[in-house]
Amino acid sequence: MGIMRAPLARNAPPWQHGLVPSQLFMLLATCVAFPSPLQKCPGDTHVAGHGRASVVAARWNLPGQRAPQLHVAEGVLLPQMSSRGYLAESCSQGPYNWTSYLSLKLLGRTFKYVVDLAGAECGCNVAVYFSAMNQKKQVGTCGDYYCDSNQVCGSACSEVDIQEANQHAWHSTLHTWDDGENQGCGLGGNTVPGCSWTPSDYGVGGRCVDTARPFNVAASFPVNSMRLLKGIHVKLSQPGKPCNLEARIDSYMKNGVDGMLALSKVVALGMTPVVSYWSSTKMLWMDGTGMNQKGYCAFETPAICNSAAKVYGFAVEDIPEEGQPACERCPVGHCDQDKDGECRWFAITGVESYHCRVADCDEVPRGFNISDCWKWKGKVYYSINFTDAPCLADPIPQLSDALLQKAKKLEAAAKAKHPKPRTVSTTTGMPSMARLVSPGSSEREVRQRARGKRDVQAIVEHLMNSWLFRGSLSQYHISPFMGILTVGGGTIILLTMLLLLLRVRLKRGSLISAGG
């Protein structure tokens, strides 16, 4: 493999390009010392309303940590665990180029896609977000100009997290370039008060969104009369479900400063869509029980997560001038709305129904619980007399058998390379729930107990995989005790010493028996 030139001007010293010695080392390591079989350009996808978009795969997940291949098949992104990819106008082999990244203008528009989170368990994070990396000229320590508010690759910029999610949690969050810890809206961990869902509505078998199946995501960027961003509205929908879920962020203050105004300027310049999949044993901030005790995950089980997720069906479109309800009940036309923007249920005795307005009687659909055409004050309507009429949702594109087979092969290859420990799996395939804190606990107590719980979990997992139990116990058996063991550091040290003494005594007994 020939030596690739770093993206520097011929006669300019590196520091004029914002490169520090550590970044130069990373570039050299990428270009010379460690030639990679990773495909920088794994394929293209289609963004309806924009056109073809190339996918650029990151070579480094973190500085010094190689990223697995992000695959693209038939326009479907299949991010493997610890991989990351960017949508771009074009992609070519060689050095990364910040000017090639897609720059979507989102003010007054809606960005849509379909996501499949099946198998993404506690401790895993399928993320779809926008980064201002197309506005940065700093290559970063990952060599591809990636930036975010947490400076994962050494470069800070604003980001809009449409989703950080798994089967049990969802966060939609705004971040200015200097705010890496803003709270999200959705479910799990510590979400914004008044902006959270319940596990019965979102989760495996959820009433509104069943995360075991693909579902639609629509992120809208409405503007005010001055064409400034006034909020981020994220809607989740699934065909056949009686309700949608919304995460609405209409204000964002950071240290007394209007963060929404700062983000408005960034969004107006265009942002780059990013897709990633990663895991951690320290993800309770996203999927833990949280202060409101609504979250699902008592502790993390990244070892049993699927090795890849699916993101596809991208589209971008203008927000219609006439506001649409969060849950449109009318299969044709639009419903009369109440003050909250929801379809209004007319509770008139004998004629309880939703009222759907259409242009003329020929548009009235035929079906169960649907009335004939009727008129009121010169307008044409029909009625639906079923309270839980399914929300109108975009159909989920059907994936081909060839693509599904490829996804299965990727999963099988990952299992063969990194087999999942049988001691971690449960009889149900789902992590057990356990309360970590009481509803009245402070945020500080939540952090302290979560930290203590992770320490205990490490000890328990060590025992479960050691000579003491030899796989006879699983997380299913041990999880009821995790809440009891969620204690301070002193007790953890005492517990560790007791376990070590037990091991020594058992070893000594086995030696005496052998000698006798």
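This is a predicted model: local features need pLDDT of at least 70, side-chain atom pairs count only at pLDDT 80 or more; totals for chains, interfaces and linings use all residues.

Me: How many helices and strands does the protein have?

Reply: Helices (H or I, at least four residues) and strands (E, at least two) are DSSP runs, numbered from the N terminus. Here there are seven helices and 27 strands.

Me: What share of the residues is buried?

Reply: Buried means under 20% relative accessible area, exposed over 50%, and partly exposed in between, using a 1.4 Å probe and protein chains only. Of the 516 residues in this protein, 49% are buried.

Me: And how do I read contacts?

Reply: A contact means heavy atoms within 4.5 Å. Among the contacts in the protein with a separation of 6 or more, 67% are between residues 24 or more positions apart.

Me: Where does E363 lie?

Reply: E363 sits in the loop between β25 (353-358) and β26 (374-376). With a relative accessible area of 34%, E363 is partly exposed. Its contacts, not counting residues up to four places away in sequence, are V332 and V358.

Me: Which backbone atom does the side chain of E363 reach?

Reply: The side chain of E363 reaches the backbone nitrogen of A359, at 3.4 Å. As for spacing, E363 and C373 are ten residues apart in sequence, and their C-alpha atoms are 9.0 Å apart in space.

Me: Now for charged pairs. What is the general idea?

Reply: Side chains of opposite charge can pair when their charged atoms come close. A salt bridge is a side-chain nitrogen of Lys or Arg within 4 Å of a carboxyl oxygen of Asp or Glu. By this rule, the count here is ten salt bridges.

Me: Which residue forms a salt bridge with R109?

Reply: The partner of R109 is D318, with the closest N and O atoms 3.2 Å apart. R109 lies in strand β8 (residues 109-116) and D318 in strand β22 (residues 310-318), so the pair ties together parts that are 209 residues apart in sequence. R109 counts as partly exposed because its relative accessibility is 22%, and D318 is exposed at 55%.

Me: Could you show me some others?

Reply: D201 and R207 meet through their side chains in a salt bridge of 3.2 Å, N to O. D201 counts as buried, at 15% relative accessibility, whereas R207 is partly exposed at 45%. Another salt bridge joins the side chains of D250 and R248, at 3.9 Å, N to O. There, D250 is partly exposed at 44%, and R248 is partly exposed at 42%.

Me: Which residues are linked in a network of salt bridges?

Reply: K112, E317 and D394 are linked in such a network.

Methods. Residues are numbered from 1 along each chain as its sequence is written. Side-chain values use heavy atoms; hydrogens and water are left out. A polar contact is a pair of N or O atoms within 3.5 Å; within protein, one must be able to donate a hydrogen and the other to accept it, and residues adjacent in sequence count only if both atoms are side-chain atoms.
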